[in-house]
Amino acid sequence: LGCDIAEMRERALAAASLYKSGRVRYIIPTGGPLRDDGDRKISEADFMAEILLESGVPREAVIVENSARTTKENMIFGTLMINRILRLENGVSVIIVSSPYHIRRSVALAKWLMPRNLEIYGYACESCHGNRENWFLHAAVKKQICAEIGLTWDLICAGVMDDIEY
């Protein structure tokens, strides 16, 4: 799933490690908004695909989806890509790779929007912006997490996610 450049790199590297360990056969980097990567503009999905290829994932295992602009669209468009490859057969499992602060909502959206016969799991990558103890020190991450809380609340109110007390 796309996001800022540094975080996308972490997500792509985590997906590459899942591929190398034999846990996944295909990786679908998804995200359409163009990002400035130094001298060029590149979609989030294409940026992550480059990292995957540089990490040793073969081109035939990388299926790029570069239209999605939101996490919800990542799941919808990702489903279309999965259907083209595997025809959404029973026994197909999907691992959503994202950052720790984003994984719960991402998996909830996947379970809500993807076909019920898919097994859906989450895999939280390392965060380049700190951990549970210091995330608030990074202004951009703090802004992202505050937005994530609002989006998660919307899903709870819509009945897509359970409200869990900690």
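These are my notebook entries on a predicted model.

**Ground rules.** I number residues from 1 along each chain as its sequence is written. Local features need pLDDT of at least 70, side-chain atom pairs count only at pLDDT 80 or more, and totals for chains, interfaces and linings use all residues.

**Fold.** I looked up the secondary structure and found 5 helices and 4 strands. Helices (H or I, at least four residues) and strands (E, at least two) are DSSP runs, numbered from the N terminus. Along the sequence I read α-β-β-α-α-β-α-β-α.

The chain has 166 residues, and 43% of them count as buried, that is, under 20% relative accessible area with a 1.4 Å probe, protein chains only. Next I checked contacts (heavy atoms within 4.5 Å). Of those with a separation of 6 or more, 65% join residues 24 or more positions apart.

**Largest pocket.** A pocket is an open set of points on a 1 Å grid over the protein atoms alone, where a 1.4 Å probe fits, with protein on both sides within 12 Å along at least five of seven lines. The largest one holds about 650 Å³ of space, the volume being the space filled by probe spheres set on the points. I find 29 residues lining it; a lining residue has an atom within 4 Å of a point. Nearest the centre lie Y26, I27, I28, V94 and I95.

Which element gives the largest share of this lining? It is α3, with 6 residues. I note that α1 (5-20), α2 (44-54), α3 (71-86) and β3 (93-98) each supply at least two.

How values were computed. Side-chain values use heavy atoms; hydrogens and water are left out. Buried means under 20% relative accessible area, exposed over 50%, partly exposed in between (1.4 Å probe, protein chains only).
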